[in-house]
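I opened the model today to look up a few things. My notes follow the structure.

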There are 2 protein chains.
Amino acid sequence: MLSAQTDYPPLFAEALARTQVQVDGAMERGFLVPTPVDMAGGYTHEVHKQNWKTLSGAGAIYRLTGDTTYAAIVRDGLLAYAEVYRDWPTHPTARSYATGKVFWQCLNDANWLVYVSEAYADVYDWLEPSVRSRINAELFRPMADFLSLENPQFFNRIHNHSTWGNAAVGMIGLVMDDEELVQRALYGIPATELPEDLRDDDSGKIMSETGRAGFLAQLDLSFSPDGYFTEGPYYLRYALSPFLLFGRMLADKRPELNNLAYRDSILGKAIDALLLQADPLGDFYPLNDSQKGMSLYAPEVVKTVDYGYYLYGQDPTLLSLAIEQGSVTLDAAGLAVATAVAAGKAQPFRPGSVAFTDGPDGQEGGVGILRAYGDGEERTGLVMKYSAQGMGHGHFDKLSYSLYDGTGEVIQDYGAARWVNIDQKGGGRYLPENQTWAKQTVAHNTLVVDRTSHYQGDIRIAENFHPDLYAWDGDGDSLQLVSAVATDAYPGRRLHRSQWLLTDSLFDHPLLIDLFRVTGDTAGVYELPTWYQGQLLAADFDYTTIDTLTAMGADHGYQHLLTEARGYPEAGTATVQWFGRGRFYTQTMITQPGDELLFVRPGANDPNFNLRRDPGFLLRREGPASTTFLAVLEAHGSYDPRVEVAERPFGSISGLHLIQDDSDYTALRFTHRDGAQWTLLLSNHDASPESIHELILDDTTYRWEGVHHLIKTNDASE
Amino acid sequence: MLSAQTDYPPLFAEALARTQVQVDGAMERGFLVPTPVDMAGGYTHEVHKQNWKTLSGAGAIYRLTGDTTYAAIVRDGLLAYAEVYRDWPTHPTARSYATGKVFWQCLNDANWLVYVSEAYADVYDWLEPSVRSRINAELFRPMADFLSLENPQFFNRIHNHSTWGNAAVGMIGLVMDDEELVQRALYGIPATELPEDLRDDDSGKIMSETGRAGFLAQLDLSFSPDGYFTEGPYYLRYALSPFLLFGRMLADKRPELNNLAYRDSILGKAIDALLLQADPLGDFYPLNDSQKGMSLYAPEVVKTVDYGYYLYGQDPTLLSLAIEQGSVTLDAAGLAVATAVAAGKAQPFRPGSVAFTDGPDGQEGGVGILRAYGDGEERTGLVMKYSAQGMGHGHFDKLSYSLYDGTGEVIQDYGAARWVNIDQKGGGRYLPENQTWAKQTVAHNTLVVDRTSHYQGDIRIAENFHPDLYAWDGDGDSLQLVSAVATDAYPGRRLHRSQWLLTDSLFDHPLLIDLFRVTGDTAGVYELPTWYQGQLLAADFDYTTIDTLTAMGADHGYQHLLTEARGYPEAGTATVQWFGRGRFYTQTMITQPGDELLFVRPGANDPNFNLRRDPGFLLRREGPASTTFLAVLEAHGSYDPRVEVAERPFGSISGLHLIQDDSDYTALRFTHRDGAQWTLLLSNHDASPESIHELILDDTTYRWEGVHHLIKTNDASE
């Protein structure tokens with residue numbers, strides 16, 4: 001614990017000063033402890049939420065400045081709660097599977113207790129022993145028991161709600177030196193002490209399945225061995241907080257447990273996993289039910305960065321994230337970060353490619369992120385999702401991808417259909433369209449067969465399966481590959497997608513090469529969406545816009561789609577060109593006779609205007625049991641309306657074609673208008689990095705080692 | 001003229017250094033003078049365009065550093081042109097009403113000559129007299145004659161093209177001390193020396209109409225007495241350049257003409273008019289055929305700011321624009337600006353309300369801009385357009401408005417349907433949808449009667465009329481008013497719109513109060529659009545979305561509109577709520593029995609996806625010969641997806657109603673949820689600021705002086 005100092009480095013001193021302004025402002029308005037009656041957003045909810053911030057801020061100020069005015073604020077606030085807490089009934093709303101006392105759900109009570117425990121720790125030694133005893137006995141021990149023994153369905157699951165419960169009980173136990181609470185937090189309530197028929201509210205695993213509970217079980221079961229969280233980064237961000245706060249306090253007060261190193265430093269890996277799942281603007285990838293706009297630079301991610309730096313290796317690149325966040329935690333971690341920043345130790349945050357595994361054992365697919373750096377260190381990031389379903393928040397989008405560059409989203413994942421905490425939109429909860437649109441396959445950049453979502457859009461089927469990584473080459477070289485296979489999304493069909501990022505000085509930005517092979521036994525109708533961000537500029541095939549717009553279908557998301565235009569490319573290639581944020585994009589796709597391009601937009605059956613009207617196009621192919629889609633996406637040039645000069649508005653690739661494509665090998669080729677030509681070879685049957693392959697194409701014999709191989713020539717006549 | 005210095009202030013030194021990098025780079029690539037063959041964007045076009053930049057940059061560097069390397073660049077470049085110029089035929093494209101020699105149109109040749117004249121001035125004294133003579137005789141005098149005597153249809157109009165021609169001929173005349181050219185530039189080619197049947201390419205006035213030509217005539221006839229340019233700020237920005245460049249050189253070399261003070265300092269007024277027609281982000285209002293995104297901070301506006309500062313009064317608020325521009329002109333004006341910036345003289349640019357008149361005599365309506373400043377000096381700007389048609393670039397949008405705040409556009413003007421210089425979109429020219437959509441009334445925030453555009457959408461009718469300002473109160477106080485009347489947009493109907501910005505501490509941001517009275521003799525169908533920027537959150541009336549979307553009409557813009565939903569408000573008020581860029585907006589409108597709200601979006605009959613899919617809604621009323629629309633728009637609260645807290649997501653106004661509304665007076669009233677009530681009174685028959693009015697409402701007698709009057713009470717029962 002820090003002792004009072006006066007000369008803190010700027011980032012820390014500013015964070016302290018802001019906290020003081022907030023606490024002083026709150027105290028000026030008065031510290032009230034109203035009897036709880038309201039739901040989230042209501043008066044008593046907001047007051048008690050403000051109180052935890054005031055108490056935790058005041059505790060920190062006292063600890064850092066020695067000003068006992070602030071210690072007294074904590075003391076008096078806690079005494080005010082102690083005065084009334086035991087007499088409060090459970091919250092009158094009774095709307096939760098685990099109704100709280102201070103708030104409508106135990107989860108919020110646990111949030112309160114986590115942060116107030118920190119405040120209590122700050123003033124504990126300063127308090128009169130009699131005051132301590134009173135607060136312990138009349139407020140905290142009852143609250144801890146309420147959140148655990150009285151609500152085992154909240155406390156004893158493997159679920160992020162329970163992690164908050166574990167952390168709350170454990171942290172107050174550590175402060176009060178109440179070993180019984182600490183043990184309960186670490187290991188859960190013993191099964192023998194539980195009622196027979198525990199109920200929960202969603203698909204979180206309950207104790208009866210695993211036989212384990214408590215903080216250590218959460219550490220074992222919440223993350224994959226890489227620290228990946230199956231619901232995606234938006235939820236990892238939320239789930240990580242109690243791990244970090246309890247984990248740090250445990251490290252301080254129970255160093256012998258060595259929890260920071262537990263499970264091969266799983267907390268450090270989870271920190272890294274969060275920080276590595278953001279686009280170049282800092283926004284987390286909107287996988288599954290994520291809200292767009294949540295960011296590395298959100299206030300609650302400050303502790304992730306600071307604890308990652310302080311507890312796990314002082315990585316100087318994290319300091320540049322801290323600078324962008326503009327704040328630090330008011331503890332030793334934040335001080336370490338601020339001190340290092342002040343010493344000029346920050347280095348650019350330059351994340352590399354990474355393949356996360358999913359599932360507690362890392363055996364349930366994963367998410368592959370390829371990153372390539374172009375001119376001016378601009379980053380392009382490709383995210384391919386071949387993870388498990390992600391529980392109740394999962395989307396039916398196996399092998400989907402999204403693409404980001406320095407301008408933000410290029411090929412978007414729709415994210416959730418929800419406006420968190422905006423009352424006008426369904427009270428801020430998930431909207432009906434989340435189920436009917438956002439979760440459906442067609443809302444994502446992956447293949448839809450017969451206008452039916454993967455696993456028929458049924459979570460009960462989906463949670464039994466997952467795709468698998470086929471090949472990975474994420475070494476940061478000029479050619480990187482992620483390749484995965486899904487065999488269960490459509491029974492009897494094998495989906496195999498391979499995506500490359502190719503960096504070459506002939507292109508302004510890394511090229512995306514996308515190969516999607518589907519093999520099956522029966523004919524099908526295939527639609528492969530591209531949800532681009534921008535305005536359509538042109539296509540190189542005839543298309544006709546449609547005069548009467550109606551919903552494309554009745555279900556699986558198609559009930560929300562309007563077809564604005566229908567295009568008839570000739571067999572060969574088709575390009576679609578659009579303008580994003582100051583940049584041009586050209587996607588070139590191989591086409592077969594009869595292929596159609598459907599230009600689509602959500603907007604049908606949307607009675608409350610809950611869906612964004614973002615554009616997309618579907619490459620549609622009817623008929624074959626097996627077929628292959630191949631596309632190359634170029635990002636090029638620029639346009640600034642202040643200057644009105646269009647730099648390189650046209651793509652430079654031509655002659656894209658599949659030279660060979662069978663169960664053994666795929667060979668593809670394309671040409672740059674300046675003459676350079678690339679031939680890219682992939683083994684479809686052996687992904688070993690050591691295997692030697694040989695392929696004869698047009699009388700040329702290619703031999704290579706490993707799953708893929710690129711040949712660049714400068715003579716297009718080859 | 002500046003002499004060589006080494007110790008320039010930073011902004012100037014940086015601009016000089018950037019120029020040197022550009023010139024050195026261009027010379028490294030080689031100075032070529034290819035025979036002209038290409039259109040804009042083609043090779044020879046781009047080379048000659050680069051050459052004028054290289055020459056003008058080199059001239060400035062020599063002037064500022066004394067380094068004769070750069071003088072030699074200018075000399076050798078000009079000699080290379082002199083070697084070939086007279087042998088070049090007119091440009092082979094022959095696509096312009098005035099085909100150039102260096103470029104496809106005389107306009108670009110004149111651009112070239114303007115900038116190269118500056119370079120020539122820089123080195124003139126350094127050149128050997130024999131070289132000067134050769135360049136004068138073989139390049140510049142022939143070029144000046146070509147652009148004037150050989151192309152009078154280009155040179156002798158009152159039009160911005162001719163201004164370029166005048167400036168080019170005049171500037172090279174000044175440099176060569178060729179008085180014949182200077183006189184020709186100032187006064188045009190005498191009518192007696194012109195062919196009989198001069199032709200031009202658009203609606204610009206030709207000499208035969210006014211009997212005058214040349215630079216001074218342009219100064220008299222191009223602007224209103226306020227410096228307003230009838231085509232709007234996007235075109236003013238372009239038209240202003242030759243005025244400023246020739247004007248500055250004239251002031252230097254012919255001070256006796258005193259052109260800077262000509263017509264009551266019209267050039268200074270035009271500079272102010274441009275700088276005052278931008279939103280809080282710096283973007284020019286997209287009036288008429290304007291491109292969105294053109295900005296105060298565009299490179300070509302640097303000289304406007306610098307000359308405005310240097311030549312017209314050293315206004316220190318312009319310095320903060322220069323800082324944001326990050327550059328200055330490489331001349332005495334730029335040095336003055338950079339020096340003042342370095343001395344810390346910059347003050348915030350804080351434009352106030354202003355009413356511009358339109359027409360050469362200021363008698364053809366105008367544009368009223370109300371500006372109010374709220375918390376943190378955030379600016380809200382309201383633009384009401386009651387100007388003349390604006391020639392070929394005008395839109396049929398009498399009494400339309402647009403609204404801007406610190407987030408940018410709130411209620412948008414669509415601007416032009418054009419992607420300047422983006423080849424995929426009609427070669428960068430105006431698109432067909434500019435005529436069929438962007439110019440039509442329904443694309444704007446003003447009243448459409450019987451689904452027919454103002455003046456039947458016919459420029460031949462429109463150019464005969466203009467609305468008139470009825471009342472103006474733009475003193476910057478808490479209540480400001482702009483009010484205008486259009487009597488000719490629909491024969492037999494008088495349109496009278498009054499808009500107020502009301503600043504009150506009860507509201508987060510200034511309130512817009514919008515009163516639109518239409519009086520006539522025959523029944524009509526009225527549709528009043530609101531083109532909001534953002535996502536629809538909610539409406540407080542029932543609406544039903546539409547399953548089958550088709551074009552709303554066949555012409556006047558309606559052929560491009562889809563009705564997405566139809567709402568049926570009860571008589572009284574209706575609100576529409578949307579979310580903009582991090583901020584909430586609520587519009588409350590009074591409604592009558594039978595009124596409908598149509599939620600619409602462009603998208604129909606758009607075969608090349610040329611139109612943006614921006615949302616809007618129309619308040620539709622059928623029947624009466626005379627009727628009144630009243631709306632109040634609140635901007636409130638905030639939402640940040642990184643924090644997920646919705647601050648004040650709901651508006652606070654209720655009880656909006658018209659208490660009285662007749663040809664004498666309109667009285668309206670509304671209430672804040674906290675109890676405050678406003679009663680706003682307007683005289684519809686006497687706008688004099690001195691008149692005394694008396695009105696009895698509900699037994700209360702109101703007496704006031706001037707056209708409008710606001711009463712605020714804190715007792716809602718009043």
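**Ground rules.** I am working with a predicted model, in which local features need pLDDT of at least 70 and side-chain atom pairs count only at pLDDT 80 or more, while totals for chains, interfaces and linings use all residues. Residues are numbered from 1 along each chain as its sequence is written, chains are lettered from A and ligands numbered from 1 in the order in which they are written, and side-chain values use heavy atoms, with hydrogens and water left out.

**Confidence.** I checked pLDDT, the predictor's confidence in each residue, from 0 to 100. Chain A has a mean of 95, and 97% of its residues reach 70 or more. For the complex, the predictor gives an ipTM of 0.94 and a pTM of 0.95.

**Overall build.** I found 17 helices and 27 strands in chain A; these are DSSP runs, helices being H or I of at least four residues and strands E of at least two, numbered from the N terminus. The C-alpha trace of chain A spans about 90 × 55 × 50 Å along its principal axes. Of its 718 residues, 62% count as buried (under 20% relative accessible area, with exposed over 50% and partly exposed in between; 1.4 Å probe, protein chains only).

**Helix α3.** I looked at residues 68-84 of chain A. The 17 residues of this helix should span 24 Å at 1.5 Å a residue, and the end C-alpha atoms are 25 Å apart, which agrees. The expected span is 1.5 Å times one less than the number of residues. Buried residues of α3(A) include Y70(A), I73(A), L78(A) and Y81(A). The buried residues of α3(A) pack against α1, α2, α4 and α5 of chain A; contact means heavy atoms within 4.5 Å.

**A322(A).** I found A322(A) in helix α14, residues 318-325 of chain A. Is A322(A) buried or exposed? A322(A) is buried, with a relative accessible area of 0%. Beyond its neighbours within four places in sequence, A322(A) touches L11(A), V305(A), D306(A), S327(A) and V337(A). The C-alpha atoms of A322(A) and D306(A) are separated by 7.4 Å.

**Pairing.** I laid chain A on chain B: a turn of 180° and a shift of 0.1 Å along the axis give an RMSD of 0.1 Å. That is the relation of a two-fold axis. The superposition is by least squares on the C-alpha atoms of residues with pLDDT of at least 70 in both copies. In chain A, L549(A) comes closest to the rotation axis, at 2.4 Å (C-alpha). The same surface serves both copies, as 100% of the contact residues of chain A recur in chain B.
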